[in-house]
Amino acid sequence: MITRCTRRSAAFSLVELLSATLVLGVLSSLAVPLYTSQRKSAAGRVCKANEAAIARAAAAWVLRHGEYPAEPDDLVGAPEGLAWLPKCPLGGDYQWQIGDTGALTITCPRAAEHIGFGGTEASEWVMVLAAPRRDLLP
Ligand SMILES: [Zn+2]
């Protein structure tokens with residue numbers, strides 16, 4: 001009598017591999033856009049926080065010197081300044097402009113890319129500080 005020996009295959013079948021690939025494809029098509037959106041939203045919030053930190057350091061600088069520093073790099077290492085100058089999480093240095101009136105404008109170089117992720121207008125990533133009034137300074 002001949003007995004048939006059934007061997008169990010150690011490999012996956014083609015149907016099993018295709019099923020697993022399909023499931024992974026569906027999951028990644030859902031997860032990747034969500035991950036990208038959350039990452040951009042976080043970048044927008046961090047950018048606003050960076051601008052606020054720079055603005056606070058500039059305002060503290062005004063109390064000591066009576067005017068805004070000519071360059072944002074002056075804030076680095078100053079007693080009332082920053083340990084380092086933050087950059088936009090999407091890349092690029094913040095634009096620093098002191099107007100004719102003495103007002104300071106800090107602008108994100110990638111403000112247009114933040115729209116829709118933590119704000120609806122590019123102006124939300126522009127911070128304007130009023131000109132220092134010498135009669136109010138200590
Ligand atoms: Zn930014």
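**View 1. The hairpin of S1 and S2.** In this hairpin, five residues lie between the strands, and Gly102 adopts a positive phi near 100 degrees. Strands here are DSSP runs of E with at least two residues, and helices are runs of H or I with at least four, both numbered from the N terminus. The model is predicted: local features need pLDDT of at least 70, side-chain atom pairs count only at pLDDT 80 or more, and totals for chains, interfaces and linings use all residues. Residues are numbered from 1 along each chain as its sequence is written.

**View 2. The pairing of S1 with S2.** Strand S1 (residues 95–98) runs antiparallel to S2, and four bridges join them; strands pair if DSSP finds at least two bridges between them. Trp96 has Ile106 in S2 as its bridge partner.

**View 3. The largest nonpolar core.** Such a core is a set of buried Ala, Val, Leu, Ile, Met, Phe, Trp, Tyr and Cys residues joined through C-beta atoms within 7 Å. A residue is buried if 20 or more other C-beta atoms, placed from the backbone, lie within 10 Å of its own. Among the 16 residues of this core, Ala58, Trp61, Tyr94 and Cys108 touch the most other members. Helix H1 (14–65) and strand S2 (104–107) each supply at least two residues, and the largest share, six residues, comes from H1.

**View 4. The surroundings of Cys108.** Leaving aside residues up to four places away in sequence, Cys108 touches Cys47, Glu51, Cys88, Tyr94, His114 and Trp125. Residues are in contact if their C-beta atoms, placed from the backbone, lie within 7 Å.

Note on methods
Buried ≥ 20, exposed ≤ 12 C-beta atoms within 10 Å, placed from the backbone. Contact = placed C-beta atoms within 7 Å.
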